[in-house]
Amino acid sequence: MRDYGAGPSRRADARDVRITDVETAVIEGNFDWNLVRIHTDAGVTGLGESYRGGRVTDIMGYMTDFLVGENPLDVERLFRRLVQETSGHGGTTGKVVTAASGIEIALWDLAGKLLDLPTYQLLGGKYRDEVRLYCDCHAGEAYAVDTGYTDYGDEAAYEPTAYAETATQAVELGFDAIKFDLDTPADNDPDPFNGRLSAADVAEKEAIVEAVVEAVGDDAEVAFDCHWDYSLDTAKRLARALEPYGLLWLEDVVPPENVDAQREVARSTSTPLATGENRFRVHEFADLLYDFAVDVVTPDPTTCGGLAESRAIANRAEENYITFSPHNVCSPVGTMACVHLGASVPNFDYLEYHALEVDWWDDLLVRSEPLIQDGRITVPETPGLGVELDEDVAADHAKGEGLWTSRTD
Ligand code: MG
């Protein structure tokens, strides 16, 4: 039988390293950031992050048994082992892949530290010294953060003028690409279920788009996110109405399960369409990419299977000359993992930044200067991901008692 737990036995003594423990932590940011730290008998640790989601850290803890005693340098085999060992729990998709994604990222960090190379070097080398970020601005008002969680703005935040003001502020911070939510609470009127917008509703969306595009001019590219909200006819009508505005992309216009519907919208409009953040592993992207159902593919590396799986998705996209702009709502840890990925694939365009309202986002890392400067992150030359967690800041924002939890405690 195929057994990804049956690893090879020959290795130079210097690289004969074993995993000894797996710890997890949840940091309360604007989302719950699920961190994982892997320990080895070499005294070197690796840090990773999985996409937000309840109990993801419990699943990472469950995976400890399949990692202890293994050599962390076999990153891709170990990822496959985690998928195989959880296959009876839906391991080919969903939350178990999310959990395995953070572990896979921590293994890349570990491998880089053990081999004294930055992670991008292990992913095949780099195409660029800096990775560009686009700033997710929510609606006309960023999430208000109280008690570490998110609250949506009031109705005034959805006025075109509010969007335009926020757009100007984001561009002043140095971002040359920004994204806003185009789906608003008003979409629920008169019916919260069928996803159809009236002609007047579409005109209101167009007014928002026009206000933002006019506010930023040539200083920034502009994308809008629809969060899988619309019926097929509305998605087509909206995408066509927005054609004159030259958007960077229009994201997730129809629900995510049906590639045929997504392709129907893509065929009907010249507005570039983006999707991918809630698909898992390369297999769930194949039809999307090979059927030209998407113009910009947006997988989340901390969701879809980690850095190697994301690279495989980017490679398939590249075959059809489709650009790759990863979704990212992570702490600086997961963000930096995406930076190494973005450096190492040719068709990378933009990485998402979604923590404008978290004023301690940068403080989570031990650094002397902000991670993002002029809308870009410099690709690190230090071993692994090039991140050191500030344990005190992390502990201040940890969910529950203490910071780290180990299954072997
Ligand atoms: Mg999105």
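These notebook entries record what I looked up in a predicted model.

**Conventions.** I number residues from 1 along each chain as its sequence is written, and side-chain values use heavy atoms, with hydrogens and water left out. As the model is predicted, local features need pLDDT of at least 70 and side-chain atom pairs count only at pLDDT 80 or more, while totals for chains, interfaces and linings use all residues.

**Magnesium site.** I looked up the protein donors (N, O and S atoms within 2.8 Å of the metal, or 3.2 Å for Na, K and Ca; water is not among the atoms, so sites may look incomplete). I found Asp225 (OD), Glu251 (OE) and Glu277 (OE), at 2.0 to 2.2 Å from the magnesium ion. Their spacing in sequence reads D-x25-E-x25-E. Asp225 belongs to strand E8 (221–225) and Glu277 to the loop between strand E10 (273–275) and helix H9 (283–290), so this pair ties together parts 52 residues apart in sequence. Here helices (H or I, at least four residues) and strands (E, at least two) are DSSP runs, numbered from the N terminus. I then checked burial (buried is under 20% relative accessible area, exposed over 50%, partly exposed in between; 1.4 Å probe, protein chains only). Asp225 is buried at 2%, and Glu277 is also buried, at 11%.

**Val209.** I placed Val209 in helix H6 (199–216) and noted that it is buried, with 0% relative accessibility. Beyond neighbours within four places in sequence, Val209 contacts Leu182, Phe224, Leu242, Tyr245 and Leu247; contact means heavy atoms within 4.5 Å. The C-alpha atoms of Val209 and Tyr245 are 7.5 Å apart, although 36 residues separate the two along the chain.
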